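Let's take a walk through this structure together, beginning with a pair of helices and ending among the strands.

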Amino acid sequence: MAEKAEPFDQFDAWFADAEKAGEPMPTAMALATADAYGHPNVRMVLLKGADPRGFVFYTNLESVKGEELAGHPHAALTFHWQTLGRQVRARGPVEPVSTDEADEYFASRPRGSQIGAWASDQSRPLESALALEKKVAMVAAKHAVGTIARPPHWSGFRIMPVEIEFWQDRKFRLHERLRYTRPSVEHEQWTITRLYP
């Protein structure tokens, strides 16, 4: 594995490789958070931005992950690109994206997804599928014309990694592992370490 000095340059190269290889969902990532008791929760979300500031995803702020991140603003993520036999893991503190970032991304979403963001009480009990369909229909009727503003309970988070690891599958389980670490998000210099498989 040829290493790059900056982990996001390495990530960009691997992400481009995953897209070229026809990976079905290259943006899919497992996101781990923790509740007030320290119990972990993990689920798949979609990456919506990656640059030297961190990895961005969006959600309902009143969802389980939204509430967990509000109470304990740290997270970990994993990308697994089976087509290439590659994995990327990262972890670090989390911050909300700016209002402008959230508004811009929400405006780019399909209208049906915008309506869904207003209609869904994500993670809360649902009495029936019909109840959700009714709520979607009500929101759609309310927003029949014109632009749909971003709901106040819907926004994004940025995971600002202090550690990123790149893993490449190799024969006989002699995998390549390359880990980038830094003491804090304010520290720009990364330390690169090769690890035993």
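Helices H4 and H5 cross in the right-handed sense (left-handed if the near helix is turned anticlockwise from the far one by less than a right angle, right-handed if clockwise). Their contact (heavy atoms within 4.5 Å) is made by Ile115, Trp118 and Ala119 of H4 and Leu132, Lys135, Val136, Val139 and Ala140 of H5. This is a predicted model, in which local features need pLDDT of at least 70, side-chain atom pairs count only at pLDDT 80 or more, and totals for chains, interfaces and linings use all residues. Residues are numbered from 1 along each chain as its sequence is written, and side-chain values use heavy atoms, with hydrogens and water left out.

Stay with H4 for a moment, residues 111-119. Gln114, Ile115, Ala117 and Ala119 are buried there (under 20% relative accessible area, with exposed over 50% and partly exposed in between, 1.4 Å probe, protein chains only). Their cover includes helix H3 (99-108), helix H5 (129-142) and strand S7. Helices (H or I, at least four residues) and strands (E, at least two) are DSSP runs, numbered from the N terminus.

S7 leads us to the strands. S7 (residues 154-159) pairs antiparallel with S6 over 3 bridges (pairing takes at least two bridges found by DSSP), and here Arg158 of S7 stands opposite Glu95. S6 also runs antiparallel to S8 (residues 163-168), joined by 6 bridges, with Arg91 opposite Glu163. S5 and S6 form a hairpin with 4 residues between them, and Gly85 in the turn has a positive phi of about 65°.
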